[in-house]
Each structure stands twice: as C-alpha cells, then as structure tokens.
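Hi everyone, thanks for coming. I'd like to walk you through one structure today, so please have a look at it while I talk.

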Amino acid sequence: MSPDIGEAVAEAFRQEWGRVVAALIGMTGDWDLAEECAQDAFAQAMKTWPRDGVPRRPGAWLTTVARNRALDRIRRGATETARLREAATLSVPSDPGLDADDSGITDDRLRLIFTCCHPALSLEARVALTLRTLAGLTTAEIARAFMVSEETMAKRLVRAKHKIRDAKIPYRVPPAHLLPDRTAGVLGVLYLLFNEGYSASVGADLVRQGLCAEAIRLARALSQLMPDEPEAQGLLALMFFHDARRATRTDGAGDLVRLEDQDRSRWDRGEIEEGTSVLDAALRRGRPGAYQVQAAIAACHATAADVADTDWAEIAALYGELVRLVPSPVVELNRAVAVAMADGLEAGLALVRALEESGTLSDYHLLPRLGRRDEAAAGFAEALDLAATDAERRFLTRRLAEATAPD
C-alpha cells in the first residue's frame with residue numbers, strides 16, 4: 001500500500017469511524033455487530049482502495065460496505081422469518097448521521113456523542129461506551145482513563161451493551177429539551193478524549209495532537225450550543241490552558257519536560273488569554289463545578305511568570321474544593337503536592353502517607369516519594385513497569401538514575 005493510500009485510510013478512520021458505527025447501530029440495534037462490520041469495511045478499504053483509488057465520498061463507501069456486511073451476517077444468522085424481514089428493510093441514509101431532528105445540534109460528531117450518552121446508563125458506562133464506539137479509543141486506553149484493568153473495563157462495556165439490548169434503548173438523537181440530561185456524559189467524553197490526546201496511554205508519543213484539537217473543537221461547539229452551561233465553558237477553558245503549553249511538554253528528542261523546566265516564553269499566550277476570558281465568563285454565573293475548578297488550577301500555572309510566582313496556596317485551596325466536588329485519590333494526591341509546595345514538605349507527606357496506607361493508588365505510577373531517596377528509587381523502578389509511553393519511560397529512567405546516583 002502506498003503512503004498516500006495508507007494516509008487516506010487513516011484519515012477516513014479518524015473522520016468516519018463514529019459515523020459508520022452510528023449508522024449501523026441505528027439500522028441494526030446491535031452495537032457489537034456494528035463495530036465488527038465497520039472494522040470489516042475499513043479492512044476492505046485497505047484491499048480495494050490501492051487498486052481502485054480512494055472514492056469521492058469515503059464515508060458513504062465505507063457505510064455501504066459495512067451495511068452490506070451487516071446484512072450478510074444477519075441473513076446467515078437468521079432463524080426466523082421476522083428477522084429476515086427486518087434485515088430486508090434495512091436502509092442506509094443518503095448522508096449517514098445527518099438525518100433531520102429537533103436537537104438543534106449542528107455539529108455531526110457532537111450529535112453522535114449526545115446520542116450515545118443515554119441517561120439510562122450509568123455516567124461511567126455512557127462515557128466509556130462513547131469513547132469506545134464513536135471516538136475509536138481502545139479498551140486499554142479507556143481502562144487507563146478510569147484507572148481500572150483492561151479486563152474490568154471490557155466487562156463494563158459488555159454489560160452496557162447488554163443493558164441497551166435488553167432494555168431496547170433506542171439509538172437516536174435526543175430532542176433539544178432532553179440535552180441537559182446527557183450533558184454530564186458528553187462533558188466526560190470530551191474531557192477524557194482531550195486527556196488521552198494530551199497524555200497518551202501507549203506508544204512513542206506523549207501527545208496525540210489530533211485528539212487534543214478535536215476535543216477542543218467539540219468543546220467549543222458544545223459551549224456555543226449551551227451558552228448558559230458554565231461547566232461546558234469551564235471544560236473549554238481547561239483545555240485551552242493545558243494545550244497552551246503542549247509544545248513545551250517534550251524536548252527535541254521527545255523526552256518529557258517537567259512543568260518547572262518548561263520554557264514559558266513558548267507557551268501559547270493567545271490560548272491562555274482565551275482560556276482566561278472563557279473561565280471568567282463561566283465563573284460569573286455563580287455555579288462553580290469540577291471543570292471550572294480544574295480550569296482555575298490550570299490558570300494559576302498558566303498565568304504565573306515563573307515557578308516562584310506560582311500561587312501554591314491558592315492551588316492547594318482549589319484542590320480542596322475539587323476533592324469536595326469530585327472525591328478521588330488522584331485529586332487527593334495532587335492536593336498533597338500543592339500542600340507540600342505551599343505549607344512545607346512534611347504537611348504534604350502526611351497526606352501522601354494516608355494515600356499510601358489506603359492502597360487506593362497502588363497501581364498509579366506517578367505516586368510521589370517526596371523527599372525520601374530510597375523509597376523514591378523503589379517507586380521509580382515500580383513506575384517503569386507501569387508507564388505506557390516511551391516518553392514517560394525515558395523520564396522515569398532518568399529519575400531512577402538520579403535517585404540511585406552517589407551524592
């Protein structure tokens with residue numbers, strides 16, 4: 001396969017995967033069948049496009065191939081006349097995913113995410129299933145986001161699909177008045193999509209720029225769709241603050257650069273200013289939430305002239321509020337670091353010890369060993385076994401060498 005064709009297939013996957021799967025789910029009601037037939041369609045593209053060329057409308061071509069594959073599978077597995085009649089009536093929209101509705105959502109991808117985030121499912125199941133089905137993230141990547149094993153996440157996804165099937169939950173775009181019931185799930189999807197792009201689960205690159213850009217685009221579309229929802233604005237601001245320093249998170253060799261060592265003159269001031277403006281607008285509504293608090297923490301870092309100028313007392317206080325809103329051992333850990341910076345090492349160590357004793361972060365490779373050289377060396381060695389990206393492994397290798405080097 002030529003590089004041009006390979007890139008065309010990869011681009012089609014990025015642009016069309018969610019729409020193809022969504023079209024098949026809408027036609028068959030079977031999530032597993034939809035994913036399998038979509039995969040078959042992309043496999044067929046890799047065989048056919050090098051010979052026949054890239055079709056003028058790759059999405060329509062892929063949807064047609066996937067639909068035909070689904071029809072074949074249903075016919076072969078059908079044992080009742082009614083099932084055959086159902087298969088015979090399946091049809092593909094002329095432009096999949098763009099059927100008329102009264103949702104008011106103009107962005108096609110955002111419509112699909114709202115469709116997938118059905119309130120009959122638990123919030124975690126909605127987010128995980130949407131990331132897997134529409135965003136194309138692997139089960140392993142989603143498991144890392146939720147800090148569970150891949151096996152555990154795979155079982156959760158299966159249970160979610162079975163609940164949809166057994167309860168006959170329809171797959172369709174909700175009307176505008178029902179969008180608020182699904183907003184929390186949509187926010188969760190966009191948040192984790194950005195996180196996977198900003199700190200990849202596996203591979204050679206720490207940052208997957210395409211995922212970050214798509215998450216920001218969708219967050220902007222959501223903020224415009226729901227201008228009175230401060231958490232949508234808070235999430236968009238959070239993305240801006242983090243993305244502003246994306247270029248400085250790794251060096252020329254692709255190695256991780258710590259926040260205190262980053263060249264702040266290279267941070268994107270335009271994104272920081274836009275993030276500040278969006279966050280201010282959200283906070284003026286007087287309904288603070290978890291995404292707004294996280295954005296406020298990120299703003300403290302993004303607007304500090306240097307490390308010494310960072311307002312660690314404010315950051316520690318904000319983490320305290322975030323723990324109240326979203327109780328989480330990872331949030332507690334970040335608060336411990338902020339407390340150590342604001343109130344001294346021992347104050348932070350006390351919080352870290354409590355976390356260690358609880359065992360809730362036993363598999364978290366970034367658990368710090370503040371000020372404890374021997375334990376730090378052991379921690380870095382353990383973290384190397386858990387880190388998934390090349391950049392993280394190189395960073396932890398350097399830290400291990402520093403911890404074990406003679407004074």
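Let me begin with a definition: a residue counts as buried when its relative accessible area is under 20%, as exposed when that area is over 50%, and as partly exposed in between. Please keep in mind, too, that this is a predicted model.

With that cut-off, take Glu-214. Its relative accessibility is 18%, and because buried means under 20%, Glu-214 counts as buried. What does Glu-214 meet in a salt bridge? The partner is Arg-109, with 3.4 Å from N to O. Arg-109 sits in helix H5, residues 108-116, and Glu-214 in helix H10, residues 209-225, so this pair ties together parts that are 105 residues apart in sequence. Arg-109 itself is partly exposed, at a relative accessible area of 21%.

Arg-258 forms a salt bridge with Glu-260, where the closest N and O atoms are 3.8 Å apart. Arg-258 also forms one with Asp-261, and there the closest N and O atoms are 3.3 Å apart. How accessible are these residues? Arg-258 is partly exposed at 30%, Glu-260 is partly exposed at 42%, and Asp-261 is partly exposed at 46%. Over the whole structure, a search finds 21 salt bridges.

Asp-306, Asp-309, Asp-311 and Glu-314 form a patch of negative charge on the surface. Asp-306 lies in the loop between helix H13 (290-302) and helix H14 (312-325), and Asp-306 is partly exposed, with a relative accessible area of 37%.

Is Gly-59 buried or exposed? Gly-59 counts as buried, at 9% relative accessibility. Leaving aside neighbours within four places in sequence, Gly-59 is in contact with Glu-16 and Val-20. The C-alpha atom of Gly-59 is also 8.2 Å from that of Gln-15, a residue 44 places away along the chain.

Finally, let's zoom out. The protein has 18 helices and 0 strands, and 47% of its 407 residues count as buried. Among contacts between residues at least 6 apart in sequence, 63% join residues at least 24 apart. The protein exposes about 19700 Å², with carbon and sulfur atoms supplying 51% of that area.

Technical notes: Residues numbered from 1 in each chain as written. Predicted model: local features only at pLDDT ≥ 70, side-chain atom pairs only at ≥ 80, totals over all residues. Heavy atoms only, no water. Helix = DSSP H or I, 4+ residues; strand = E, 2+ residues; numbered from the N terminus. Buried < 20%, exposed > 50% of the residue type's maximum accessible area, 1.4 Å probe, protein only. Contact = heavy atoms within 4.5 Å. Areas by Shrake-Rupley, 256 points an atom, 1.4 Å probe, with all protein chains shown as cover. Patch = residues over 30% accessible without salt bridge, like charges linked within 9 Å, V, L, I, M, F, W, Y side chains within 5 Å. Salt bridge = Lys/Arg side-chain N within 4 Å of Asp/Glu carboxyl O. Lys, Arg positive; Asp, Glu negative; His and termini not counted. Charge placed at Lys NZ, Arg CZ, Asp CG, Glu CD.
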